[in-house]
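Hi,

Here is the structure I promised to send over. Have a look at the sequence and the model first, and then read on for what turned up in it.

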Amino acid sequence: MKKCFYVLFVLLLAAKFSFAQQDQFASFAENNINGFAQPFVTSLGEGLNSGGFYTAYVPKTFGFSISFRAMYIFIPNDQKTFTPTLPPGYTADEPTATFWGNKAAIYTGPNGYMSFVNGIDKSGTPFYMPQITGSLMGTELLIRYLPQIKVGDKNLNFFGVGLRHSISQYIPLIPIDLAVQVLYNKLSVTDIISASSFAINGEVSKTLGMLTAYGGIQYESSKFDLTYTLNGDPNSPDPLLRQSREIKASINGKDNFRFIVGASLKLVVLVFNVDYNMSSQSVLTGGISFEF
Amino acid sequence: MKNYLIKSMLAMFVFTLVSFNGCILDSFNSVTQNVPISQTFYLSSNQTSFSDSQTVDLSSSSVYQNYQEKIESIQLVRAEYRTISVNPSSLSGNISFVLNDWNGNKLFSLGLGQITPANYQKTPLEFQLTGAQIAMVNNYLSKLSNNKFQATISITNIKSSSVNYTLIGAVDAVFEMKSNL
């Protein structure tokens, strides 16, 4: 239980994941790894592509903020199972668990039973991320970065960068704020994981006193390159699973578009915000920002 | 007023953070997977009944071997009978299956009835195990050093178009194994 309180950043999840991935993925050959892992990649993409803004206002003069973003990603039921590809003689008459799913299905056929690893049985996952922004002349630079972290004998690296530009500054007397933003994040664990995400969005907000209502539409993508060793079982009914070998897989997340709606409250130099992101996996984002 | 608001919002933020912070990292501390095991039986005779006994050894599975030192629990989930080859194909008989623990104590016995083994080459015959039968096996497996069984297949009341007959069959089982990482 106490480990739960060590969950501070998405990186820790990735670090833990990189330890466990060998055991989680070791029973999947190339033909089924995508179905099993794609929902996790989508979650990673959803997390990394969240929390990019809490207002469409970008200061024309100098601005600076330090933020802490907390997200909760909801895993829909249809991403907890997938239909695997099975060897001849076997029928996938029921789906099996994805990474987020519960029990793995058991299939029977002319060479006996075959099955896969269980999922971790979760309906959601928290993500946390620190970020800083600096703005000048209606353009804001966002930086997400953590120093290299040792994960066993591997190194974990993470950085993210975003650029946001005010559009409303070019439209006189417009009663709302408009902005566009691009985001890029990169996460890697030496020789095991290389993940990246990209997002571009359009933002709108309206401020009334301390309160700001905001929303946006975002196009995004995420990609996950993974290297692991298949634990071969000479007795497996699936010929693809009989020999141990290294597998390199490139998996794209299912995240493409999201709609964002939220509100923020500014109290002196502190801004609290919460928004809901409707996407392949919906995300609830909350944040505290210290800004001036 | 603003101080009160700031404190309230901060408290709410921390509360939400802790509430939402499920033990997701703990999920990576273990892995649960299904371990399929197959044991082949060779039956050849010219009598009206015959049987074969074999050792079912969980450690024959490479998956079991990989995690042997880290197993937290292992439980029987399903079992089935499968025919690998039969000669003559018209052979039929009353087939029964007995599973004993390594000390010879019976865990369960199962009568499959009068069957024609040739019918179960492509589609195995699922054992309809009762909760009590599975519980007997799992109770034995709860001591993790218990990883071997004695299994016997018997055929009686054989009906065949040939005097000499051969049956090669297998009993498959799936065990759910939870291992610490």
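A:Met137 sits in the loop between E6 and strand E7 (139-151) of chain A. Keep in mind that this is a predicted model, so everything below is computed from it. The phi of A:Met137 is near 55 degrees, which is a positive value in a residue other than glycine. Most residues other than glycine have a negative phi. Is A:Met137 buried or exposed? With a relative accessibility of 64%, A:Met137 counts as exposed, because the cut-off for that class is over 50%.

B:Asn157 is not a glycine either, yet its phi is positive, at about 55 degrees. You'll find B:Asn157 in strand E7 (residues 148-159) of chain B. Its relative accessibility is 43%, so B:Asn157 counts as partly exposed.

While you are in chain B, check the peptide bond between B:Asn87 and B:Pro88: it is cis, with omega about 0 degrees. Most peptide bonds are trans. B:Pro88 belongs to the loop between E3 and E4 of chain B. Ten residues along the sequence from B:Pro88 is B:Val98, and the two C-alphas are 25 Å apart.

B:Val98 itself is in strand E4 (residues 92-101) of chain B. Its relative accessible area is 22%, so B:Val98 is partly exposed; buried would need a value under 20%. What does B:Val98 touch, leaving aside neighbours within four places in sequence? Its contacts are B:Lys106, B:Phe108, B:Ser109, B:Gln150, B:Ala151 and B:Thr152.

Stepping back to chain B as a whole, there are three helices and eight strands. From the N terminus on, they run α-β-β-α-β-β-β-β-α-β-β. Of the 181 residues in chain B, 48% are buried. Among contacts in chain B with a separation of 6 or more, 81% are between residues 24 or more positions apart.

Over in chain A, take a look at helix H2 (residues 30-48). This helix has 19 residues and spans 26 Å from first C-alpha to last, close to the 27 Å expected at 1.5 Å a residue. H2(A) does bend, by about 45 degrees at A:Ala37, and a proline, A:Pro39, follows within four residues. H2(A) is also mostly covered, with 14 of its 19 residues buried.

Now for the pockets. The largest pocket has a volume of about 610 Å³. Its lining has 34 residues, and nearest the centre are A:Asp233, A:Asn235, A:Ser236, A:Pro237 and B:Pro36. At least two lining residues each come from strand E5 (112-115) of chain A and, in chain B, from strand E1 (30-45), helix H2 (62-67) and strand E8 (165-180). E1(B) supplies the largest share, seven residues. By class, the lining of the largest pocket has 14 nonpolar, 15 polar and five charged residues.

The second largest pocket comes in at about 450 Å³. It is lined by 28 residues, of which A:Tyr54, A:Thr55, A:Tyr57, A:Lys266 and A:Glu291 are the closest to its centre. Strand E1 (63-74), strand E6 (124-136) and strand E13 (257-267) of chain A each give two or more residues to that lining. E1(A) gives the most, with five residues. The lining of the second largest pocket divides into ten nonpolar, 13 polar and five charged residues.

How many cavities of 30 Å³ or more are there? The count comes to two. The largest cavity has a volume of about 140 Å³. It has 15 lining residues, with B:Phe97, B:Leu99, B:Val171, B:Ala173 and B:Phe175 nearest its centre. Two or more of the lining residues come from each of E1, strand E3 (71-87), E4 and E8 of chain B, and E8(B) gives the most, with four. The lining of the largest cavity is made up of 13 nonpolar, one polar and one charged residues.

The second largest cavity is about 60 Å³ in volume. Of its 13 lining residues, A:Gly51, A:Gly52, A:Phe53, A:Ile260 and A:Asn277 lie closest to the centre. Strand E9 (177-189), E13 and strand E14 (270-278) of chain A supply at least two residues each. Here the lining divides into three nonpolar, eight polar and two charged residues.

Cheers

Terms used: Residues are numbered from 1 along each chain as its sequence is written. Chains are lettered from A and ligands numbered from 1 in the order in which they are written. This is a predicted model: local features need pLDDT of at least 70, side-chain atom pairs count only at pLDDT 80 or more; totals for chains, interfaces and linings use all residues. Side-chain values use heavy atoms; hydrogens and water are left out. The expected span of a helix is 1.5 Å times one less than its number of residues. The bend at a residue is the angle between axes fitted to the seven residues ending there and the seven starting there. Buried means under 20% relative accessible area, exposed over 50%, partly exposed in between (1.4 Å probe, protein chains only). On a 1 Å grid over the protein atoms alone, a cavity is a set of points where a 1.4 Å probe fits but cannot get out, and a pocket is an open set with protein on both sides within 12 Å along at least five of seven lines; lining residues have an atom within 4 Å of a point. Grid points are joined across faces, edges and corners, and a volume is the space filled by probe spheres set on the points. Ala, Val, Leu, Ile, Met, Phe, Trp, Tyr, Cys and Pro count as nonpolar, Asp, Glu, Lys and Arg as charged, and the others, Gly among them, as polar. Contact means heavy atoms within 4.5 Å.
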